[in-house]
Amino acid sequence: MKTRLSAILIFIGPALAIMTIFILIPIALSLLISVTDFNVYAIFDWRNASFIGFQNFVDLFLDSIFWKALFNTFYALGVAMPLTIIFSLLFALLLNRGATHFKSFFRLSLYLPSITNTVAIAVVWAWLLNPRYGLLNWFLGIFGIPGQNWLSDPKWAMPSIIALVVWKAIGPNMLLFLAGLQNIPDFLYEAAELDGANRWKQFLHVTLPSLRPQMLFVSVMLVIGYLQLFEEPYMLTKGGPLNSTISIVLYLYKQGFYQFNFGYASAVAVVLFGIILTLTAIQMRLRKYQE
Amino acid sequence: MKRKKIPLTEQLGVHTILFAAFLVMAIPFFWMVSTSFKNPDEIYIFPPRWIPHRPTLSNYIELFESVDFARPLLNTIIVAVVSTFLSVMLSAMAGYGFAKFRFRGKEKLFLMVLATLMVPGQMTLIPVYLILNSMNLLNTYAGLILPGVASAFGIFFMRQFIMSIPDELIDAAKIDGAKEFFIFLKIILPLSKPALATLTIFNFVGAWNSFLWPLIVATDEKMYTLPVAISVVQGQYGEKIALQMSGSFIVIIPIIIVFLFAQKYIIKGLSMTGMKF
């Protein structure tokens, strides 16, 4: 029996209407704006924008700051993603041991950073990393290690941001791995043990292959998430020093809402979208290949 | 399985690593709270003092009296509560429709909803700003709330859950003459409580912590949300570290309280999303 049209409209209609206005139409608009010179004069009268073809994309290609933003974003992704996966998996393994005590306490403390507000905790991190009065330099000083100007040294600014990003990301990914670990049947380990496999071999040949679905999910989500890096550099460095921490989204935001170059900023958004789509597609393809 | 004896060194090593991780996770929170109760002269002491000798509430008082943190606090509560409620209701309704209704084109429509998950939010930032501007919704609650309430993830999540409710229950109600609305209220919603609770918490945490959207929609001080306000405080009161810490504490503490009460839903929800993939 088919459902009455009125019921369909009442139940699915509102969500679809809002999605159309605030997601579907904007996606189309975004593509459209990216091929115009839409700027501050066009905000109140869209007719002041005119079609300029792919000029924005050509300009982007020649824009050294944009390349810097691309580089920084991939630098953050390339360092933060493996670190997040290694730490999340390590803690999941430690918490999955039968003989580990205070499990729920450790699980809670590892998870807490991830739900706290990034903006607020970034303010705290800026204080921890303060070169003169910060806890970190004091702590390093105990061991005789010289402190650094963490956020104002171009060499250290990005690693500082990555530290905050990883610190926040461990919790939920650890929980995902933990759920995966608990689903691995005991007999697999028993069989491996009978075959004389030591614990390292068991980890390589039983644990890791069994975690493949979680690994894929985690890495896809991390790629998508880290490519959208924004709040941490916005709060800690505003993209500086010397653009050493400007990310793609931060550059988009600055072009869009400091300078109101909406056309140019939309081109940045389109490129970001293209990168995310491509990387996600590659990861999916790899997964099929593995199976 | 026989229990093997675990070497003491391994036990010691594992717990040391976990304790070190606990310290790394906890110290920023501890330091935030400690600093927020310090007088200015105790902040710039080296080596740092873990517990303030003369704790003071003056930073919190200043935060509400001269910075007027009450307004962003109120705004954030309104936006988070209303948008969570709307988002969960819309997700449950659409999820029910996609799970149980029978009509042509349903699968295609659902695929289209899912496809929006691939699009990063920044892609719609500028167009939505322009749309809100043309509707005169910048710096309004509606502008802060509406763009985020229809979530593909929420619809997907509710659909997956409602699909597991047996059709027989619904058919039996239909034979008794019940309409979709009645079925939704009396059968679907009560049976979906765990999923609704999980989604509510996820949405609330997300709405409370949201930053980039309020940053562009709320440019008028009166409409600031807490994260926007704290970022402004950091810019304007760069020297007043204790004031910044007390502000951060106020932004963070409600979510920690919500989390402590709702831990099991968050953990269950997370493992559900991971498994379905």
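Visitor: Which residues in helix 13 of chain A does helix 1 of chain A meet?

Guide: First, this is a predicted model, where local features need pLDDT of at least 70, side-chain atom pairs count only at pLDDT 80 or more, and totals for chains, interfaces and linings use all residues. Residues are numbered from 1 along each chain as its sequence is written, chains are lettered from A and ligands numbered from 1 in the order in which they are written, and side-chain values use heavy atoms, leaving out hydrogens and water. Contact means heavy atoms within 4.5 Å, and helices are DSSP runs (H or I, at least four residues), numbered from the N terminus. From helix 1 of chain A come Ser30(A), Leu31(A) and Ile33(A), and they meet Phe262(A), Gly263(A), Ser266(A), Ala269(A) and Val270(A).

Visitor: How many residues of chain B are in contact with chain A?

Guide: Let us take both sides of the interface. Chain A contributes 99 residues, and the number from chain B is 99.

Visitor: What area is buried between chain B and chain A?

Guide: Buried area is the accessible area (1.4 Å probe) that two parts lose on being put together, summed over both. Carbon and sulfur atoms give 79% of a total of about 9,200 Å².

Visitor: Which residue of chain A meets Glu180(B) in a salt bridge?

Guide: A salt bridge is a side-chain nitrogen of Lys or Arg within 4 Å of a carboxyl oxygen of Asp or Glu. The rule finds three across this interface. With 2.9 Å from N to O, the partner of Glu180(B) is Arg4(A).

Visitor: Which helix of chain B gives the largest share of the side that touches chain A?

Guide: That share is 18 residues, and it comes from residues 241–276, helix 14.

Methods:
Helices (H or I, at least four residues) and strands (E, at least two) are DSSP runs, numbered from the N terminus.
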